[in-house]
Amino acid sequence: MTEMNLEEYKGVFVFAQQVDNEISSIAFELLGKATELAGKLNEKVTAVLIGSDVKGLCDQLAEYGADRVIVVDDPELKEYRTEPYAHALSSVINEYKPEIMLVGATAIGRDLGPRVSARVKTGLTADCTVLEIGDFPINAIPGKEQKHNQLLMTRPAFGGNTIATIACPDNRPQMATVRAGVMQKIEPKKGAKAEVVEYNPGFTPDNKYVEILDIVKEVTDVVDIMDAKILVSGGRGVGSAENFKLLEDLADALGGTVSCSRAVVDNGWKPKELQVGQTGKTVRPNVYFAIGISGAIQHTAGMEESDIIIAINKDETAPIFDVADYGIVGDLNKIVPKLTEQIKAQTKAK
Amino acid sequence: MKIVVCIKQVPDTKGGVKFNPDGTLDRGAMLTIMNPDDKAGLEAALRIKDEYGAEVTVLTMGLPKAEDVLREAMAMGADNGILVTDRVLGGADTWATSTTIAGALRNIDYDLIITGRQAIDGDTAQVGPQISEHLGIPVISYAQDIKIEGDSVIVNRQFEDRHHVLKAKMPCLVTALSELNVPRYMTPGGIFDAFDKDITVWGRKDLKDVDDSDLGLAGSPTKIAKASDKVRKGAGEKVTLDADEAVSYIMDKLVEKHVI
């Protein structure tokens, strides 16, 4: 690789994804992590806001931790399209030279990130779940320079069976896409203001601009399971779509939400939006009930960060018991309805 | 019309993952398959060939044994196979891999390049969009549906809460989701034909407009600091109880943790 002058690159930048002029939750999560990383590096947090008519969103980004917001506002950026967005973000990177650039691992970020990393010639680590500042190599190797204050990016690979920690020691920015639902937002600082910088690199449509013929929004009234504090999750062991009623009643009594494993989606019992796991969503609620879920690694990869995991399964060898804080070997059909009643009685008494 | 499909031979993580005694992944003991998203991309190309007529070339980068995955693709109906293999290409991250594949693609004519969205071993979804960037052509990722209209492709592009119907002028690159279709099987005739056909093998010297310093492990901006087996949270309590006992056990925990 050609040598870059790494010293020129400063600050922790976040791609502040917005859709329909509404900031996506992932942007706030990234700002939370960026605040922590910038604190360790003694640097500032910059949000890069790209869209059309989006200047009004800057204060919100400030409240969640942005010291500065770089706004690229242009009618070409109204809807997400790879090329104008890649042009906007890579121009910002070339102009403002961030040390770290974080992008959400969303359907937008996983398209934008690789395109930008190829353009600015830096590495990109996908779907990170842990970001830390540390040394590379982690342990000093005689005769080899150990670099300090590097971004160490940890991600699952091989379907969640292994984890790898990646560094990007010789190129800048150090760039990562980050899984949604993993990083913590900060408590918003009401009334906080950020320095706002407007920047427009100019947009000239060429062969790389695609045309949007239609936008079809999938209307769904399903609660986002990634926002739920309590999840009542069912697996194949629930037995049928109808039997999910037991879990829905429990969720109602607790003020929680129903989610499920992949087998349930494959059987057509519940929609894909409710699926937890490697090919579904990563969740970290306060309480996760795993009911009739065997707990394959592809499932546990998406829920093991939950604060409390309660598992009910009739098979005492089910791997879910290896990650559960409280595991009950028993019949869900008998336990769940009684539990629902007890909780209802308890909350009524209060 | 000329279509190139980029495919990858991957360990089959679905069929059970095997570990060595030291806890590292035993790749030798795991079966290899054509990456599912790539197979869907190949099927999409073959359907375009069936409907409009097209020459379909499959290209892979890997060890010499990755020839198997090209033969499989040709047995399904691909016309040509190209294997990019060279010692100096080993250890490449997505940046160096996409640089390599772009260098190979510069040797051939194409209207449409199809890659899978992501491979099941790395799950990065980066190589397709990065190839398109190196080649200076448009990319449409996460394709649920691909149609041809004159000199353009029309693609349903999936997002979390919507899809866009996008039109791009060819040449362009599309990354395919495994949900796109159900890939066809190899045919007996196809298998015989596939083993009669020559596979083009390219090495470093066949890559066009690529610097040595951008290839392989040395040309990879990202470096592995540490790789390990997933550290799993230890098991908590496990109790076998009848329904009433189980309910009071759970109630105690919920109250103790201030959930209710």
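View 1. The model is predicted, with local features requiring pLDDT of at least 70, side-chain atom pairs counted only at pLDDT 80 or more, and totals for chains, interfaces and linings using all residues. Residues are numbered from 1 along each chain as its sequence is written, and chains are lettered from A in the order in which they are written. Helices are DSSP runs of H or I with at least four residues, strands are E runs of at least two, and both are numbered from the N terminus.

**View 2. Helix α3 of chain A covers residues 82-96.** From first C-alpha to last, its 15 residues reach 21 Å, close to the 21 Å expected at 1.5 Å a residue (1.5 Å times one less than the number of residues).

**View 3. α3(A) is largely enclosed by the rest of the structure, because eleven of its 15 residues are buried.** Buried means that 20 or more other C-beta atoms, placed from the backbone, lie within 10 Å of the residue's own. Among the buried residues are Tyr85(A), His87(A), Leu89(A) and Ile93(A). Their cover includes β5 (68-73) and α4 (109-120) of chain A, together with β7 (139-149) of chain B.

**View 4. Helices α5 (residues 244-254) and α8 (residues 332-349) of chain A have axes that come within 9 Å and cross at roughly 20 degrees.** That crossing makes α5(A) roughly parallel to α8(A) (an angle under 35 degrees). Residues making the contact include Leu250(A) of α5(A) and Ile343(A) of α8(A), where contact means C-beta atoms, placed from the backbone, within 7 Å.

Key:
Axes fitted to C-alpha atoms, helices over the stretch in contact; angles between N-to-C directions. Parallel < 35°, antiparallel > 145°, perpendicular 65-115°, else oblique. Contact = placed C-beta atoms within 7 Å. Buried ≥ 20, exposed ≤ 12 C-beta atoms within 10 Å, placed from the backbone.
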